[in-house]
Amino acid sequence: MGKVTKLDTIYYNGRPDGIRSIRKLNSTITTYVVPRALLSDAKKIVGINNPGIYFLVSDNEGANVDSIYVGQARNGIARMDDHKYKKDFWTKAILFLSDRNTFSLDMISGLEEYGIKVVNECNRYDVLNDVEPKYVIDPYDLGVIEDIFDEIKFIMATLGYSLDRTNIEKKATYFLNRNGLEAFGLYDSEQFIVLSGSTINLDSFKNISKNVEDLRANLKKQNDIIQNGDKWILKKDISFTSPSSAASFVIGNSANGWIEWKDADGQTLDKILRSK
């Protein structure tokens, strides 16, 4: 058994999809998850105006190519008012705020700069920060920032937003080979991730779902699927709620992902996971 981590969660609306705060044992950071529609309610929570950093995220059902914006907040939730009227894409804000105002301006500037770097390098999201911050992290602060961000990455992962590509590359990889397509991905029982570098068939058939078809079209429009000779290559990792929607994305038609995805020995996902 690995290291045990305890998280305490408060559900302010009594709903799992409402306003939440999350706290790790002995941490000085509190995480607040605030749906856009509940911003006014969130302002009543004690401590939610403390300084820190935040992620604005946009979720798509089924086939997830989430958009993320990273920012710093000197006054917590109050910073979201500006984004409510100037940024349309986001559906929820995830704020990581210090207790008792322990974050200095230099610290939140460093966390913002480091956070933008992390989300760009994990290559899984549309990062909507148009301007990179010019702040230079002091080498003496870097170790503290990395430690804080380890906690941020852990909590983001529990919320369904992995920011760690290292873990992706270490996990078992599954392959889909059909009619010249070479796609590869991983599955953790909650989501299937089609990894960048996979080849995609961009011909769509009538059996493909509208969500998957729209996703493919949007990725091509954004140059996240690019042409290389006679092949189309995926340039970022894309997560799905099931192996079948992931296979359908690659093939361009309805597909049984439990049969299509296989390991390096040719065993199907169905045989590996369902026959145990």
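Hi everyone, let's start with one lysine: K236 has a relative accessibility of 3%, so K236 counts as buried (buried is under 20% relative accessible area, exposed over 50%, partly exposed in between, with a 1.4 Å probe and protein chains only).

Before we go on, a word on the model. It is predicted, so local features need pLDDT of at least 70 and side-chain atom pairs pLDDT 80 or more, while totals for chains, interfaces and linings use all residues. Residues are numbered from 1 along each chain as its sequence is written, and side-chain values use heavy atoms, leaving out hydrogens and water.

Back to our lysine. K236 sits in the loop that links β14 (231-234) and β15 (238-240); helices (H or I, at least four residues) and strands (E, at least two) are DSSP runs, numbered from the N terminus. What does the side chain of K236 make a polar contact with? With the side chain of D126, at 2.4 Å. The K236 side chain also reaches the backbone oxygen of Y125, at 3.0 Å. A polar contact here is a pair of N or O atoms within 3.5 Å; within protein, one must be able to donate a hydrogen and the other to accept it, and residues adjacent in sequence count only if both atoms are side-chain atoms.

Two strands pair if DSSP finds at least two bridges between them.

Now have a look at β6 itself. V70 of β6 stands opposite F55.

Let's zoom out to the whole sheet. It is an open sheet of 7 strands with mixed pairing, in the order β1-β2-β3-β7-β4-β6-β8. Which strands are at the edges? They are β1 (7-11) and β8, each pairing on one side only. Further along, β2 and β3 are antiparallel and share 4 bridges, with R23 having T30 of β3 as its bridge partner.

Helices pack on this sheet too. Helix α3 (residues 105-122) touches β4, β6 and β8, and its direction makes about 170° with that of β6. Helix α4 (residues 139-158) touches β1, β2, β3, β4 and β7 (92-98), at about 25° to the direction of β4. Axes are lines fitted to C-alpha atoms, for helices over the stretch in contact, and angles run from 0 to 180 degrees between N-to-C directions.

These two helices also pack on each other: the axes of α3 and α4 are 10 Å apart, at an angle of about 60°. That makes α3 oblique to α4 (under 35 degrees is roughly parallel, over 145 roughly antiparallel, 65 to 115 roughly perpendicular and the rest oblique). Among the residues making the contact are M107, L111 and Y114 of α3 and L142, I145 and F149 of α4; contact means heavy atoms within 4.5 Å.

There is another helix pair to look at. The axes of α6 (residues 210-221) and α7 (residues 243-251) are 10 Å apart, and the packing angle is about 50°. The pair is therefore oblique as well. On the α6 side V212, L215, R216 and L219 make the contact, and on the α7 side S245, S248, F249, V250 and I251.

Finally, two loop residues. S27 lies between β2 (20-24) and β3 (29-35), and its 9% relative accessibility is why S27 counts as buried. Beyond its neighbours within four places in sequence, S27 contacts D99 and E151. With E151 there is a polar contact, side chain to side chain, at 2.7 Å.

Where does L38 lie? In the loop between β3 and α1 (39-42). L38 counts as buried because its relative accessibility is 15%. Not counting residues up to four places away in sequence, L38 touches N13, G18 and I19. K92 is 54 residues from L38 along the chain, and their C-alpha atoms are separated by 9.1 Å.
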